[in-house]
Each structure stands twice: as C-alpha cells, then as structure tokens.
Amino acid sequence: MIANYGYRDGSGDYFITIDTDKCDGCGRCVQACPGDVFQVVDEDPNDPFREEPIVIIVSDKRKKLKYECGPCKPPTNRPPLPCVKACPQDVISHSW
Amino acid sequence: MAEENTQEYWRWTESHWKNPDIRWEDAKIVTVGIDVGSVSSQAVVMTDGQLYAYSNMRTGSDSPESARNALNFGLEGTNMPESRIDYCIGTGYGRVNVPMADRSITEIACHARGAHFIYGPEVRTVLDVGGQDCKAIRCDEKGKVVNFLMNDKCAAGTGRGMEVFADLLSVPIIDVGERSFQVKEEPESVSSTCVVYAKTEATGLLRKGWQVNEVLAAYCSAMAHRIITLIERIGIEKEFAITGGLAKNRGVIERLMKEIGLEPMHTDWDTQIAGAVGAALFSYALVQKGKGRKK
C-alpha cells in the first residue's frame, strides 16, 4: 500500500509517502528523525488484517509536517534527508 | 415587527432505513459499524453481511452521544435489542469516542471496503468528500486499500464549505447542484475555495452583478478543480466512485467528472453510509474469523 500522510494547504502539498509493502518495521527512520515524526506500530491502521509491524507518521504531526520537517530541509545545499537515508528498503519519500 | 428569518439553508435531512425483506431474528451474526464524522454520523446494522438497517444524522458536540443517537435511530422500529449485536466497530474522525464499539478502524480502510460493497467490486478509485476532509483511495478487487491520501487540515473544498456557501447565498443545500446549472454560460471559477473567505468571495461577485446561480456555479467548479488536483496525486483509475455527502451535489460531481473525463459509478444506496458499511463488514469478517467479542 502507498500511504500518503500529510496535507495540502494554501502554501503547497506536504506529504510523506510510505510504501508499506516494502516496510518491515525496523524502526531505523524512527531513530534517525530529529522531529519524532515516525512511529512503528504492530498493525497497519489502514489494513486491519495485516498484523505485522509497520511505520506510520505520528498522528499529532501529520498536520504540521511542513514545520516538523523544516529543520532537515534548508533552502540551499540540502543534505540527504535522515529518514530517507536511514531506510534500507527505500520506503520513504517526501512530496516537497 | 419584522419577522426573523430562521431558515437554516445548510440543513440536510436526517434519515433512517430498514430492509423490509430481512428478519433479524433469523440472522446468525449481527454486526454494526458506527461512523462518527466531523459533520455527520452514521450507524449501519448488518445481518450475516447483508445491509439490514442504517441511520444518517448530524454529529453533535459530543461524540459518544452522537454515536449513541445514530445507533438508536438506526435500530428504531426494528425491535432489535442491543444485546443481539455480536460485534461493533467505530470509525471516522470520532472513532475513539464510540462507547459501544469493540474496536476502531481508520476511515480509510472502512471507506474502501464500504464503497466496494455499495458500488460493487469493479470500483478502483474512491473519492470521499466528507464534512471537513477529503479522502482519495485506490483499492483492489477485494476492497483493500492500495494507495490513499487524506487532507483533513484544510476544509476548503469539503462538505462544510458547501454548507457555509449555501447559507451565505440563502440557497437550500439540496438545491445547490441543480441551481448551479441554471446559468446561461459557465462562469469562471472563484479564485479560492477557502471557507473563511467564502463570504468575501461571494459578496464580491454579487456586487459585480453576478446572479446567485452563477456564483454557485463558480464555487462548484472551483471545488471540483481543487478535489481533482488532490486525487491526481494518487492517480485515477476506472471505475470511479464517490462517497460522502458531496456525492449528492451534482453541481460539483458533474463538473469534476467532466474534467477527468470519466463516468461516475451509480448506486441507490445513501453515499454517506459508506464508512459505516465498511466498519460493519470488518466486524462481520472479524466474527467469522473467530476474533469476535468474548461472551
């Protein structure tokens, strides 16, 4: 499943996309993220019959991604994103 | 003394329905799904996976009470005692506040499953325009989610936005769609669907001499456009189904379908019950798997 967490408002689209078929819930992104945006849960909330650990975006952060992810996204010389870099399965992508 | 105008143009009718061909007394498994949304709440009662009864009401300020009211309204006239319910799942924005629910499931999963039931297994893209959010879901032939996106940060282009607009222009909400087509030519869309600026937008156009119907048309088309840019992010695949209250507004839906060049699927069911139907179906599946309520 391609899960898009985030929002659109007047200033743009702010979605983090998680490819749940590739994710094994290892939790490296959780450790890598300085904004505590990620969380590993025991069951995919959008696929109740899949009972394997999976990463989701913390619900309190979903409407604030533009700001939560801001520190990792300087306007110039942007380094690779820690969450994307930490993931061995290439699960995470950002829309902005 | 001048008479005060107390008509609430945004108000839509609450309803409930019972399947006359089913006797719940004969059912093996009775499951319930309760969808407490930001604007409306629904309760669906299923007997052995068949739709037996449902209700559709406005959500009040208290989620547990709204869930209770929806269930009572759904069971009205059925004589079914609540103890007969084998399993109940809560979904929607207020899903954690459904006291009679055995568990909760996200509205994404429930809407895909519900649309699959009310529109049939051909459905691949589900667009749900609810009271304060907009969900776009792609699902497979089993009604399982393969791609989804939800925008619940901004109410622009949602049902509540339409309610505010109907009220501003003193047009009953159920007439908005019809009246938006009673224009000589399609006007340009309004520049913003922002609910906060709806009044500025509408009065600006009326001052310029636009007819009310033209303003409605401009708003419907702006909403359609906004929704399309959102669903394009997950990709549109045939067959296309629309759930939620906005599916009842042909002003938005027809403009939307014209722009993406598809025909929407048709259903005789109330499109607002999709989430609760999905929850009731998940309940049924869980009971069948032996994961039901411990009695």
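**Views of chains A and B in a predicted model**

**View 1. Contacts across the sequence of chain A.** Among the contacts in chain A that link residues at least 6 apart in sequence, 57% join residues at least 24 apart. The model shown here and in the views below is predicted. Of the 96 residues in chain A, 34% are buried.

**View 2. Secondary structure of chain A.** Chain A contains three helices and five strands. Read from the N terminus, the order of these elements is β-β-α-β-β-α-α-β.

**View 3. Overall dimensions of chain A.** The C-alpha trace of chain A extends over about 40 × 30 × 20 Å along its principal axes.

View 4. In the domain assignment of chain B, domain 1 comprises residues 15-116 + 273-288, and domain 2 comprises residues 121-264. The centres of domain 1 of chain B and domain 2 of chain B, taken over C-alpha atoms, are separated by 26 Å.

**View 5. Where domain 1 of chain B touches domain 2 of chain B.** Contact between the domains involves 13 residues of domain 1 of chain B and 20 residues of domain 2 of chain B. On the side of domain 1 of chain B that touches domain 2 of chain B, helix 2 (residues 107-119) of chain B gives the most, with eight residues. The residues of this side of domain 1 of chain B comprise six nonpolar, six polar and one charged.

Key. Residues are numbered from 1 along each chain as its sequence is written. Chains are lettered from A and ligands numbered from 1 in the order in which they are written. This is a predicted model: local features need pLDDT of at least 70, side-chain atom pairs count only at pLDDT 80 or more; totals for chains, interfaces and linings use all residues. Helices (H or I, at least four residues) and strands (E, at least two) are DSSP runs, numbered from the N terminus. A residue is buried if 20 or more other C-beta atoms lie within 10 Å of its own, exposed if 12 or fewer, and partly exposed in between; C-beta atoms are placed from the backbone. Two residues are in contact if their C-beta atoms, placed from the backbone, lie within 7 Å. Domain bounds come from an automatic or database domain assignment. Ala, Val, Leu, Ile, Met, Phe, Trp, Tyr, Cys and Pro count as nonpolar, Asp, Glu, Lys and Arg as charged, and the others, Gly among them, as polar.
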